[in-house]
Amino acid sequence: MGAHLFMGVTLAELRSCAAAEMNLAVSSAGLALAKYLKRKFGTPYAVGFPMGREHAERWLASLREGGIPKKNDENRPGKRLLIVADQVLGNSLRDALRLAGADFGIDVASFFGWDAELAESGDARLAEEAQYLRLLKTGRYFALAGDAMLMDVPGAERLKRLEISHPAVSSELGWKKVPRYLSETFSKQIREFL
């Protein structure tokens, strides 16, 4: 399996996408391209991003078996975590937390691309900061996961935090502050958060 994350990719490499056996959409922007390649060339695609070692192992096993599992809409009552991130990244983190044993509801909210087919009940497409602040003020959430630059807002100070890096928000500044998603350190961070 080859992978291009399209950071610094050449035009020749971009043209080779049509020859792929399967495309992996690891972001909302990548999902649009994967859907286009499916329509144009019939190339199947999977949506998701491995988060932590345990999730990565399950994720790769799912790919070998033909694709990433469909969404698992667990609308649990009680305390909830809000993940604010790219929808694909947020969904992947939600899957990793559930795999690690999360016993609470998890909602994903995103300013960055949206696909209704990937959303679970409770998820939200954010068009403006005011929507985000209203979500935080509902009192539904005990915790918040997201880029540090999205965490220091009114209503978030009382919440437990799980800091992740979001390339569209903090770019390399954020990458240097949090563990790499495939590292054992990130897996440990998930376990400690739970």
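Modeller: A residue is called buried when its relative accessible area is under 20%, exposed when it is over 50%, and partly exposed in between, using a 1.4 Å probe and protein chains only. You are looking at a predicted model, where local features need pLDDT of at least 70, side-chain atom pairs count only at pLDDT 80 or more, and totals for chains, interfaces and linings use all residues. Residues are numbered from 1 along each chain as its sequence is written, and side-chain values use heavy atoms, leaving out hydrogens and water.

Helices (H or I, at least four residues) and strands (E, at least two) are DSSP runs numbered from the N terminus.

Now for its two sides. Ser-28, Leu-31, Ala-34 and Leu-37 are the buried residues of H2. Viewed down the axis of H2, they fall within an arc of 160°, so they line one face of the helix; the arc is taken from the directions between the helix axis and the C-beta atoms. An α-helix has 3.6 residues a turn, so residues three or four places apart point the same way. Turned away from the buried side of H2 is a face with the exposed residues Ala-29, Arg-39 and Lys-40. Just after H2, Gly-42 has a positive phi of about 80°.

What covers the buried side? Strand S1 (23-25), strand S2 (45-47) and helix H4 (87-99) are among the elements that cover the buried residues of H2. In S1 you will find Asn-23, which counts as buried because its relative accessibility is 11%. Setting aside neighbours within four places in sequence, Asn-23 is in contact (heavy atoms within 4.5 Å) with Ala-34 and Leu-37, and also with Cys-17, Thr-43, Pro-44, Tyr-45 and Ala-46. Asn-23 and Ala-46 are 23 residues apart in sequence, yet their C-alpha atoms are 6.4 Å apart.

The largest nonpolar core has 21 residues, and Met-51, Leu-81, Ile-83, Leu-93 and Leu-97 touch the most other members. Such a core is a set of buried Ala, Val, Leu, Ile, Met, Phe, Trp, Tyr and Cys residues joined through side-chain atoms within 4.5 Å. H4 gives this core its largest share, 4 residues. H4 also meets helix H3: Glu-54, His-55 and Arg-58 in H3 touch Ser-92, Asp-95, Ala-96 and Leu-99 in H4.

For comparison, look at helix H7 (residues 184-193), where Phe-186, Ser-187, Gln-189, Ile-190 and Phe-193 are buried. Their arc around the axis is only 155°, which puts them on the same side of H7. Thr-185 and Glu-192 are exposed on the other side. The buried residues of H7 pack against several elements, including H4.

Finally, step back to the whole chain: 7 helices and 7 strands, with 42% of its 194 residues buried.
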